[in-house]
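Please look over the sequence and the model first.

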Amino acid sequence: GRINCFSFSNLFVAAARYADVSAHFQLVDSPPQWDINNETWVVSQHINVSGLVDRELTELEKAAFRAQQESTGTRIRRGPPRLVRRAYVVDLNPEIAVDAYRSRTISDRAARALFHSNRSVEELLAGNQDEAMAHGRAAIAADARSPTAWNNFGVLLSRRGSLEDAEQAYRTALALDPDYESAASNLERVYRRTGDPEKADAMARRIRANRMKNPYHHYAMGERSLAEGNLADAVNHFKDAIRRKDDERLFYYALAEAHLKLGDYQTAAKNLAIAKEHSTGKDMRRYQALNYQLSRATREG
């Protein structure tokens with residue numbers, strides 16, 4: 001009776017391949033979600049499915065094909081193709097599927113590593129350390145080049161008090177992905193626990209530098225400033241986020257809200273319009289609510 005994006009994708013891939021339909025796992029560059037469970041911070045990634053399907057052309061499409069040939073003066077040597085190949089995306093969350101997030105296809109081996117890595121975290125949070133270690137080892141065996149697998153395995157080792165082995169696991173994760181903040185943060189904590197403040201401070205500086213490149217870090221700082229009433233700081237942070245990722249609707253919504261509170265209705269409307277261009281589904285309700293606030297403020301002003 002429960003499902004998440006990974007289990008949904010796994011079921012779909014299995015069913016599609018059984019029916020001889022092309023299907024591959026995709027990692028989606030959607031905004032990360034952070035949660036705390038048993039004093040452990042957990043970051044969630046998103047996965048969906050992509051592939052290619054062949055289907056017959058409709059009569060309307062066949063007519064359009066012939067009309068295009070005639071309008072361009074092309075000599076018609078053959079009729080329209082019987083089949084047309086189209087790419088598809090299947091996602092547990094349709095709103096993510098239609099958004100403009102970057103995604104990349106991953107191998108079955110990488111997907112298997114993510115499955116075992118996720119299970120290792122679940123078992124750890126449930127207090128089942130032996131089962132967690134078994135899944136952690138299985139993740140690395142499935143894909144030894146997965147930074148997520150090495151980082152999560154390092155967490156398991158650290159919880160068991162094997163700090164030297166945990167350090168090596170985190171260092172391996174960072175060698176595979178130098179911008180992997182979770183591994184860097186975990187490594188900093190290991191250095192502090194083992195009494196090496198010089199390495200810990202160096203890692204902390206590296207984390208700060210990477211965070212300054214992360215648009216969602218600037219967005220989070222802007223949201224904090226907005227909540228505290230520091231509107232000028234909020235505007236600067238949201239602009240920094242947009243400079244680093246100019247197709248994220250959340251940034252434009254937040255910037256519009258900040259300018260609305262500043263009384264700059266023209267700039268608020270401009271950013272709200274940009275946000276609308278990148279919005280779908282439930283975000284349209286957010287647009288309508290903010291647009292109503294802007295219209296009322298403009299009338300009252």
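S146 touches A113 and L176, leaving aside residues up to four places away in sequence; contact means heavy atoms within 4.5 Å. The model is predicted: local features need pLDDT of at least 70, side-chain atom pairs count only at pLDDT 80 or more, and totals for chains, interfaces and linings use all residues. Residues are numbered from 1 along each chain as its sequence is written, and side-chain values use heavy atoms, with hydrogens and water left out.

**Site of S146**

- S146 sits in the loop between α5 (129–142) and α6 (147–159). Helices are DSSP runs of H or I with at least four residues, numbered from the N terminus.
- S146 counts as buried because its relative accessibility is 7%. Buried means under 20% relative accessible area, with a 1.4 Å probe and protein chains only.
- A polar atom of the S146 side chain lies 3.1 Å from the backbone nitrogen of A149.

**Aromatic rings**

- The structure holds 6 aromatic pairs. Rings of Phe, Tyr and Trp (its six-membered ring) pair if their centres lie within 6.5 Å; planes under 30 degrees apart count as stacked, over 60 as edge-to-face and the rest as tilted.
- The ring centres of Y219 and F251 are 5.4 Å apart and the planes are at 45°, so this pair is tilted.
- The pair links distant parts of the chain: Y219 is in helix α10 (residues 215–228) and F251 in helix α12 (residues 249–262), 32 residues apart.
- Y219 is buried at 14% relative accessible area, and F251 is buried at 0%.
- One aromatic cluster is formed by Y216, Y219, F238 and F251.

How values were computed:
Helix = DSSP H or I, 4+ residues; strand = E, 2+ residues; numbered from the N terminus. Buried < 20%, exposed > 50% of the residue type's maximum accessible area, 1.4 Å probe, protein only. Polar contact = N/O pair within 3.5 Å; in protein donor to acceptor, adjacent residues only side chain to side chain.
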